[in-house]
Amino acid sequence: MAIDSDLASRLAMQYEPTTYRRRIAGHDVIIHCHHYNARLQRTLEGARGIDGKGLIVGAAETVFADQLARALRPGDDEARRWAVAEQLYRHLGFGRIDLSQIGADVVTADSSHFVEGWLAGLGESSDNVCSFTAGYVQGAVHAVTGAAVRVREVECMARGAERCRFEVDRGERPPVAPNRKDPAIPAPREPGAGWLRSPQVDEQAIIDAVVGMPMVGDEAGLIPAFSVYLASMPADFYNRICIGFVEAMRGLGRDKTAIRLLISDAEHCGMNTFRGIMHSPEWDGLIAPMVRDRSDALHAIIAISNALGWGDWHVTAHTPRSLALESRYGYEAVGYREYRGLAATPQCAMLTGVAAGVMELVYGEGTVEERYGTFNAREERCVSCGEPSCNFAVEQVE
Ligand SMILES: [Zn+2]
Ligand SMILES: [Zn+2]
């Protein structure tokens with residue numbers, strides 16, 4: 001199905017320069033790679049004693065029911081609504097689902113961001129891995145028809161099937177949870193003070209170039225770029241699964257472990273994604289001429305991450321062995337406030353892990369695994385706790 005201009009305008013990405021947010025169909029979306037998304041899934045689903053799979057299915061159902069509802073128009077007939085559901089999935093980079101047999105309670109998928117991520121980083125799987133897709137389809141059924149259904153994957157490409165196959169169960173179940181959020185803290189309007197810049201690195205030119213790149217799914221619904229597969233994931237999805245994971249683990253007395261695992265996934269992600277970016281033609285063409293030393297590379301990486309929607313963050317102090325960053329409107333902290341109110345402890349595991357990962361990438365040596373853990377990052381203050389900004393301190397491990 002070719003995307004028509006009406007659908008293209010509904011799904012067009014708007015970039016908000018003052019908050020560094022990317023918005024598609026009313027949702028802030030974050031660009032991450034298949035390594036990160038598959039790792040995060042493994043962290044949740046691999047934790048004993050909690051229902052990690054249920055967290056992923058439930059979050060996807062709630063968030064995509066909401067995002068799809070915002071992409072639909074009152075004049076859409078049912079065929080059009082299913083087409084929008086297929087297209088949003090593809091557009092965001094999650095792969096390709098076929099909803100044409102949904103009336104017979106069958107859905108198939110012949111391309112999948114999560115299967116790619118699982119096979120690339122985690123190897124063959126003994127289980128079906130497409131919990132995310134099952135949740136997406138549940139959300140789509142709700143947005144299109146108003147029904148609450150269960151979707152179960154019965155065959156998966158991660159286990160060698162030719163395509164993933166899902167069955168729809170229309171039996172009794174609880175209603176779809178609404179994506180309820182309280183109005184959050186207002187976004188900062190003025191530029192911050194005390195941010196370090198490199199005279200060589202034109203951060204705005206980097207942001208403009210990356211924002212201008214067409215990061216949308218191809219025919220197969222994938223976004224191959226920088227030697228990884230990217231996807232535009234709603235911030236609400238990340239926030240719902242991460243908050244849910246930490247709370248479920250707290251019930252077992254393991255919430256500190258949960259946060260450590262989330263930080264570790266992001267630390268790997270920061271290295272994988274930016275290693276891909278630093279070896280890409282885009283980097284060679286635009287950024288390499290601005291980079292005279294490693295510190296310039298670090299400033300360029302932070303600018304790119306702002307274009308990807310990661311943080312609205314800025315360098316406030318930097319040596320080859322240490323880094324301090326400030327983020328005023330990161331999606332984790334703002335999301336926590338929206339979903340839960342004030343937090344007792346800092347919540348920004350993704351930014352904490354990436355902060356360590358970028359230092360390991362810029363100043364470390366060897367493979368990703370050899371670099372991992374050579375820098376330690378911690379969040380010292382967090383917007384989720386009522387502070388005006390999140391502050392991260394990274395130091396080389398002695
Ligand atoms: Zn699958
Ligand atoms: Zn924070």
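I took partly exposed to mean a relative accessible area between the buried limit of under 20% and the exposed limit of over 50%. I kept in mind that this is a predicted model.

**Arg170 and Asp105.** I looked up Arg170 to start with. Its relative accessibility is 45%, so I noted Arg170 as partly exposed. Arg170 makes a salt bridge to Asp105, with 2.7 Å between the closest N and O atoms. The two sit 65 residues apart and link distant parts of the chain: Arg170 lies in the loop between strand S7 and helix H7, and Asp105 in the loop between strands S4 and S5. Asp105 is partly exposed as well, at 23%.

**Glu247 and Arg340.** Next I followed Glu247 in helix H8 to Arg340 in helix H12, a pair 93 residues apart that again joins distant parts of the chain. I found their closest N and O atoms 2.6 Å apart, in a salt bridge. Glu247 has a relative accessible area of 30% and is partly exposed; Arg340 is partly exposed at 42%.

**Arg250 and Asp255.** I then checked the salt bridge between these side chains, which is 3.2 Å from N to O. Arg250 is partly exposed at 43%, and Asp255 is partly exposed at 21%.

**The wider count.** How many salt bridges does the whole structure hold? My search of it gave 20. I also noted a network of salt bridges that links Asp4, Asp6, Arg10, Asp76 and Arg80.

**Cysteines.** I looked for sulfur pairs within 2.5 Å and came away with zero disulfides. Cys130 is buried, with 3% relative accessible area, and Cys164 is buried at 0%.

Conventions: Residues numbered from 1 in each chain as written. Chains lettered and ligands numbered in written order. Predicted model: local features only at pLDDT ≥ 70, side-chain atom pairs only at ≥ 80, totals over all residues. Heavy atoms only, no water. Buried < 20%, exposed > 50% of the residue type's maximum accessible area, 1.4 Å probe, protein only. Salt bridge = Lys/Arg side-chain N within 4 Å of Asp/Glu carboxyl O. Helix = DSSP H or I, 4+ residues; strand = E, 2+ residues; numbered from the N terminus.
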